Amino acid sequence: MYGRCGAVEEAERVFTRIPAVDRDIVSLSTLLTAYAATGRGRDALRLYNEALSAGTRLNTVSVSLTLQALGHAHLVEDARAVFAWARMQNDIEVDERLWTVYVTALARSGELAEAEQVLQEMPSVSVVALRSLLGACRTYLDVSRAERIFMRICEV
């Protein structure tokens, strides 16, 4: 609840009061949501790494939230590593949403060529991912890429 209200420090205090053995994917995802909403990518990455070290079984939601936070913070190298890790896991479904969040993280960071390449690798391209890249093309003034992406949006 604190995280949804922007009181991230209070959300962290509540989380740290939970005994380590009682922390689960729900409490982890709740704090990751607060980090993603406030662009605290380094904190999200720290929590993600702590969860992995503790043996917490991450899921698509927790990975997606981590990628969102990393994207907002322009931590593209870390986003690449998290996405690569997720793709190697058998128990994490790398679904359209996860691909889209990854494309968005790349696009926000100005990695437009790589984001477009990832779109080519997606099993099915979402309009959301295309629009995310289109918005980044506007931000980074890449008119020719914007025209290509716009045409793809029209095709979908």
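Helix H4 meets helix H5 through Val63, Thr66, Leu67 and Leu70 on the H4 side, and through Asp78, Ala79, Val82, Phe83, Trp85 and Ala86 on the H5 side; contact here means heavy atoms within 4.5 Å. The model is predicted, so local features need pLDDT of at least 70 and side-chain atom pairs count only at pLDDT 80 or more, while totals for chains, interfaces and linings use all residues. Residues are numbered from 1 along each chain as its sequence is written, and side-chain values use heavy atoms, leaving out hydrogens and water.

**H4 and H5**
- H4 covers residues 60-72 and H5 residues 76-88, and they pack at about 165 degrees with axes 9 Å apart.
- The two helices are therefore roughly antiparallel to each other (an angle over 145 degrees).
- Their crossing is left-handed (the near helix is turned anticlockwise from the far one by less than a right angle).

**H5 and H6**
- On H5, Val76, Ala79, Arg80, Phe83, Ala86 and Arg87 meet Leu98, Trp99, Tyr102, Ala105 and Leu106 of H6.
- This contact has 9 nonpolar residues, no polar ones and 2 charged ones.
- H6 spans residues 96-108, and its axis comes within 10 Å of that of H5, crossing at roughly 160 degrees.
- H5 and H6 are therefore roughly antiparallel too, and H5 passes H6 in a left-handed crossing.

Technical notes
Axes are lines fitted to C-alpha atoms, for helices over the stretch in contact, and angles run from 0 to 180 degrees between N-to-C directions. Helices (H or I, at least four residues) and strands (E, at least two) are DSSP runs, numbered from the N terminus. Angles under 35 degrees count as roughly parallel, over 145 as roughly antiparallel, 65 to 115 as roughly perpendicular and the rest as oblique. Ala, Val, Leu, Ile, Met, Phe, Trp, Tyr, Cys and Pro count as nonpolar, Asp, Glu, Lys and Arg as charged, and the others, Gly among them, as polar.
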